[in-house]
Amino acid sequence: MHLSLLVSGLVATASAVAIRETDGNGSFQKKCEQFSHKIKVHDATIHGVTYVAAGTNISMENIPSTCAGNAYGNKTPFDFCRVSLNVTTSPKSQIYMEAWLPSNYSGRFLSTGNGGIGGCLQYSDMFYTTQYGFATVATNNGHFGDTGVSFYRNNETVADYAYRAMHTGVVVGKEITKQFYSRGYDKSYYMGCSTGGRQGWKAVQKFPDDFDGVLAGSPAFNQINLINWGARFLTITGNSSAASFVTGAQWATVHEEILRQCDDLDGAADGLIEDPDLCHPVFETLLCNSTTHGGSSSCLTGTQLETVNRVFSPLYGDNDTLLYPRMQPGSEIPASFIYYNGRSFSYATDWFRYVVYSDPSWDPTSWTIHDALVADAQDPFNLSTFQGDISAFQKKKGKVIHYHGMEDPIITSDSSKMYYKHVADTMSRSPTELDDFYRFFPISGMSHCSTGEGAGSIGQGMGTFAGNNPEDNVLLAMVQWVEKGIAPEYVRGTKFNGTAVDYRRKHCKYPKHNKHVGPGPYEDENSWKCV
């Protein structure tokens, strides 16, 4: 989606719902400049209160180079007041955070989340939400960069990462918002994906009063066992010279075989698996025989076949206790570059080196199920974020929209289904009863938090804008649910080809799944039915 189309769409919507804020006697710029003398935050160091005019680039003077990839370099189409500060969280830890206070303020507060072992602000999410008039905050989650080095022998930094940084940012951000805008804020929202999805669920579970509405995508909950799951793959595949290693070309062959066996189970051969729950491929069809030979990209040796079968198997602990579900079929090509590449998964390696064992020399090739059990038993500050009782959030009438791409190559979508079932079982609530405050939407053809091969643009952030109709935009669907009581029955995704729309598809609310019933082709959204 071209930025110009995104910006024009967002600005049009924002201007229709927002009230331009001034101090009553002058410009918004003057209001911002005066705020530097008025702002008061306990245990904080204010780095700057800066007026950012429409048409200028957003500078990154306080951000280290390690987070340069998260910087948003485009010119802003709106003006806002940018507050940057550090807040002390303990004698050994602090967070860096920013608050963006737009001139087109809508009376809504929003916090964004992080990614990975997240120590970088998600500026693209701040840019996206501030254009809608949200007073938006973000933190560095207690450390800069995307490694676990800062966790080494500093449990306070781990606490910030697990829960404290974002909650502190919300508390401080709300206070800044009330100090800056005379009207304060009416509703409070959250938007995040991956680690950000887990952070959204941490708020639902631990701080139910923080938000009225939470939009949580591809959550990294059950995170300790997600880390174990990521560590396990190297022990399955071996390095690139091992007999067990499966090449990228062979993974493409595996993908084609998965599609051959599973693609049309939903009634349409569209190159997508609509519901991976229905897909249980038999990979022995790819075994090399007398007419093929080992090393070919078109077949697998017996040793390689064992690798593929293990990759698509759940992770179990003692007494066959399920620690983490299988990787869903359909994601294997991008996952072959991330997990099945013969190298250690950096996030998992860092966690074991700097948290589990406090040993920077720990060897990821030595990982065994014993290490998984040690890490799982630690679970510092309940990082796993897998609490099933979310009744406190329900009682305060909060709403949560949870989505997960069915082609996610980093966090299997089966983990989201596992959590949904855990909530239903723990609270003894049927899906119909959960619908009152919690709705989960599996998105076919969506990769990790982003687009993918299918209709994965659902308005979940920059690059996925498909319009301002709430059925095309999960952020606005959340606002509509919280403020008007209109709950989404489906999430409508768009498949783009450049700026052109290839097709749209209505993604079903779990536990329903999509079935192609015709009479039109698979590109016709009305030829699909939630069953």
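Pro 519 sits in the loop that links β14 to β15 (528-530), where helices (H or I, at least four residues) and strands (E, at least two) are DSSP runs numbered from the N terminus. For context, most peptide bonds are trans, and most residues other than glycine have a negative phi.

The model is a predicted one, in which local features need pLDDT of at least 70 and side-chain atom pairs count only at pLDDT 80 or more, while totals for chains, interfaces and linings use all residues. Residues are numbered from 1 along each chain as its sequence is written, and side-chain values use heavy atoms, with hydrogens and water left out.

Ser 218 is not a glycine, yet its phi is positive, near 40°. This serine is in the loop between β7 (213-217) and α6 (223-237), and at 0% relative accessibility it counts as buried (buried means under 20% relative accessible area, exposed over 50%, partly exposed in between, with a 1.4 Å probe and protein chains only). Asn 319 likewise has a positive phi, about 55°, without being a glycine. Its place is the loop between β8 (315-316) and β9 (322-324), but with 78% relative accessibility Asn 319 counts as exposed.

Another asparagine, Asn 228, is part of helix α6. Asn 228 is buried, with a relative accessible area of 0%. Setting aside neighbours within four places in sequence, its contacts (heavy atoms within 4.5 Å) are Leu 315, Phe 352, Trp 367, Asp 371, Ala 372, Ala 375 and Asp 376.

Now to the sheet. Nine strands form an open sheet with mixed pairing, in the order β1-β2-β3-β5-β4-β6-β7-β10-β11; two strands pair if DSSP finds at least two bridges between them. β1 (44-52) and β11 (438-443) are at the edges with a single partner strand each, so one side of each has no neighbour in the sheet. Ignoring direction, neighbouring strands are turned by 15° against each other on average; angles here run from 0 to 180 degrees between N-to-C directions, and axes are lines fitted to C-alpha atoms, for helices over the stretch in contact.

Strand β4 (residues 108-112) is mostly covered, with 5 of its 5 residues buried. In a regular strand the side chains alternate between the two faces of the sheet. Both faces of β4 are covered: Arg 108, Leu 110 and Thr 112 are buried on one side, and Phe 109 and Ser 111 on the other. β4 runs parallel to strand β5 (residues 134-139), joined by 4 bridges, and Leu 110 stands opposite Thr 136 in β5. Between these strands the chain passes through helix α3 (residues 123-130), and this β-α-β crossover is right-handed (with the strands pointing away from the viewer, the path from the first strand over the helix to the second runs clockwise). β4 also pairs with strand β6 (residues 187-193), again in the parallel sense, over 5 bridges. Here Thr 112 has Met 191 as its bridge partner in β6. β6 in turn is joined to β7 by 5 bridges, and these two run parallel, with Tyr 189 opposite Gly 213 in β7.

Helix α3 packs on the sheet, touching β2 (80-90), β3 (93-102), β4, β5 and β6, and its direction makes about 30° with that of β3. With 7 of its 8 residues buried, α3 is largely enclosed by the rest of the structure; the buried residues include Tyr 123, Asp 125, Met 126 and Phe 127. Elsewhere on the sheet, helix α13 (residues 414-427) lies across β10 (399-405) and β11, running at about 160° to β11.

Helices also meet each other. The axes of α4 (residues 155-180) and α5 (residues 195-206) come within 10 Å and cross at roughly 75°. The two are therefore roughly perpendicular (angles under 35 degrees count as roughly parallel, over 145 as roughly antiparallel, 65 to 115 as roughly perpendicular and the rest as oblique). On the α4 side, Tyr 161, Ala 162, Tyr 163 and Met 166 meet Thr 195, Arg 198, Gln 199, Lys 202, Ala 203 and Lys 206 of α5. By class, this contact has 5 nonpolar, 2 polar and 3 charged residues, where Ala, Val, Leu, Ile, Met, Phe, Trp, Tyr, Cys and Pro count as nonpolar, Asp, Glu, Lys and Arg as charged, and the others, Gly among them, as polar.
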